[in-house]
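User: I want to go through this model term by term. Please set each value against its definition.

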Amino acid sequence: MRKVNWMLWLLLLVTVSHLSAQERKDLVSYVDPLIGTAHCRWFHFAPGASPFGMAKPGPSTNGHYGNPNGWEAVGYDYRHTSIEGFPNFHEFQVGGVSLMPTKGQLITIPGKLEDSLSGYRSAFDRADEHATAGYYSVLLKRYGIKAEVTSTERVAFQRFTFPAGEDAHILFDIGNKQGESGEVKDARVYLTPDGRIEGYVITLPEYVQKYQRGAEVAMYFSAEVDKKPASFGTFCGETQNAGETAISGKGAGLYLTFATKDREAVTVRLGLSYTSIKNARLNLQAEAISLNFDQAQQQARKKWNDYLGRITVTGGAEADHVKFYTGLYHAVLGRGLASDVNGAYPKNTGGVGQIPLNAQGVPLHNHYNTDAVWGAFWNLTPLWALAYPEYYSDFVSSQLLVYNDAGWLGDGIASSKYVSGVGTNFVSLVMAGAYNYGIRDFDVAKAYAASLKNEIGYENRPEGAGKDDVERFRKYGYVDHIDPAPGQWCFSGSHTLEYSFSAFAVAQWAKKLGKKSDYATLLKLSKSWENIFDPSTKYMRPRYADGRFADNFKPTEPWRGFQEGNAGQYSFYVPHDPQGLIKKMGKAEFNKRLDSIFTAAQKTTFGGGTTIDAFSGLSAPYNHGNQPCLQMSWMFNYSGKPHLTQKWVRAICNEFYGTEGIHGYGYGQDEDQGQLGAWYVLSAIGLFDVQGGAAAKPEMQIGSSLFNKVEIKLNKKYYKGDKIAIVTRNNGAENIYLHRPTFNGKKLRRNAIPFELLTQGGTLEYELSDKPAAF
């Protein structure tokens, strides 16, 4: 008996210890950066990065191939089996400064993807690869070298552990194009007398050339190596120049050769900058002068845990935790720093600008790169408002730097240069959203002026500011449709809807500021969506200048009048006036059509099915893999059928999102700098803002959380409360329907809660069931 009791006690102790270990599991351990890396964008796989960082080191399998139009998947693909280098810049339209360790014969060209023995690339096995937030390692099989990367905000660390020999090399491949960076205009790399490797690369990204012709993106670096090389030289392509210390021009590179003992590590620290080599040195000195690789890795992991820890979830399936924290990771990975520790930043108009400093000599805010904010109001900005309001504030101030320098806001910017991407501009809605959410510690007067100009201005408007058809929008009350010639685009329908939405947002801001005339003008524009609603078909339909609706109309036809979508998808694009849309369409028709759309879309995984392509779902009834649809599943909350929101949002979370390299965000669909990840985060905790902050008093719609408990830490600088708790009772895979929601014990009249009330802190609580609630 005693023996049995002892064994039971031991088993219990082991079980409790295991549970305690699970409870102590840090959040970084849930992050899997490899998810969705088949056919992913350049930014997507930079596991060595810190949150919102400038330094984003990571492996590249095909980065030097570039991409023809600037947007296609490039950089790292889960289906590839060899690595060609480790670039340190991974941002929208920005990439470069790649390192590669090798051994044996010195080879100085990247080689071909199809042949892992060509050039200096090396094969690798998945079993020898480890990726998480803030750290990456892999064994390069060809050379027997272990490569590792991590970072601080502006400093990349790369560590290479070599076998014994006299022929270990580190290549600084500076003058070849990388990822979305476009063609290289110029490059320079040199070895200083005190052993630093420094230089720059100047690139011509496709989107910069499209939207700000002649502008360029420069990247600078200053690197320190912790071991003196036995020899060195420069290279350009296959041409090698032993003993030379400097080289300039396209293709420029430099190599270091070392004698190493077995398993000897050589570490490179690279200060990075978009403004100068001098500031790259300064960034290195300020952030990492006393850090070794392990310390930097530990610091990065702690910072990631802090950022991920703004939202903690308990209960639910393990896979949902992986999806959740990987989605949150991607939301915090993109749109990284573009300014230096001293506040220097690259100006849109060329040269270097200076962010004002406080009394302690610290910049008042930072500057950031950013992909277009098209669709960000349905994922990123509400998430920033809840968990990262200080970043949201910084982001607004950052965008105002471009306005200061160029006179117009830029929907997307690469090193401050215009990269609109989608030809529209939602930055004014983002700024209005910040103000409406209660984030107001930026230059409100300037932000409002910039936003008003963005909505109604058209004289001398540069192409990079987007919305080049604002004059026509104001003249006709809609953007008149012109059927384009082959190869041209015309997005009259989607632009009319988008401009209506953003005009509404700035109208609410104008009203709060007492700008009565602006309010009247903008409110009228916000109703322009009504002018392209065709009552005979109950679809949004492009309209010619003479008032006729476009002929040969096909609701599922993409691109004809609708950016990256079709009329069937865009007919629900009235987030600022859902009740108005429901009235025009008819509530019964609205619910029937929307429900049938999701029923059909479920057959193709709510996107393009298993076709691996960013645009695979453009003709589908619903396409979760792109921005124009992301509010649709939440609109039942306005039409008397909230249980259908709960049903379809849960289905999208379970089926569109995966935990694999190929099935991650759909199948190779477009995860634009964290937007799809952020959508999952919001939907998984059951909070969503269909109006994206545009309302004068924003509300969060309530769905059914996947988790038993959610805690959101609130920033006391912006909000009254300390935290928001979301508690579900009777949660389970089948129990997806929400019943009896309360906030701080008070019953909520509907499935929505004012943002201002929510951020006063407290507990949102409800029961879940396998049967819908009566409504």
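Analyst: The protein chain splits into domain 1 (27–308) and domain 2 (313–335 + 592–774). Those bounds come from an automatic or database domain assignment. This is a predicted model: local features need pLDDT of at least 70, side-chain atom pairs count only at pLDDT 80 or more, and totals for chains, interfaces and linings use all residues. Residues are numbered from 1 along each chain as its sequence is written, and side-chain values use heavy atoms, with hydrogens and water left out.

User: What separates the centres of domain 1 and domain 2?

Analyst: The separation is 36 Å, taken over C-alpha atoms.

User: How do you know that domain 1 and domain 2 are in contact?

Analyst: Contact means heavy atoms within 4.5 Å. By that rule, 29 residues of domain 1 touch 31 residues of domain 2.

User: How much area do domain 1 and domain 2 bury between them?

Analyst: About 2600 Å², with 67% of it on carbon and sulfur atoms. Buried area is the accessible area (1.4 Å probe) that two parts lose on being put together, summed over both. Tyr30, Ile35 and Phe43 supply 27% of what domain 1 buries against domain 2, more than any other three residues.

User: Why is the pair Asp672 and Arg41 called a salt bridge?

Analyst: The term requires a side-chain nitrogen of Lys or Arg within 4 Å of a carboxyl oxygen of Asp or Glu. The closest N and O atoms of Asp672 and Arg41 are 2.6 Å apart, so the pair qualifies. The count between domain 1 and domain 2 is one salt bridge.

User: What makes Glu180 and Arg41 a salt bridge?

Analyst: Their N to O distance is 3.2 Å, and the cut-off is 4 Å, so this pair passes too. Glu180 sits in the loop between β9 (165–173) and β10 (183–191), and Arg41 in the loop between α1 (2–23) and β1 (82–83), 139 residues apart. Helices (H or I, at least four residues) and strands (E, at least two) are DSSP runs, numbered from the N terminus.

User: How many salt bridges does the rule count?

Analyst: The count comes to 43.
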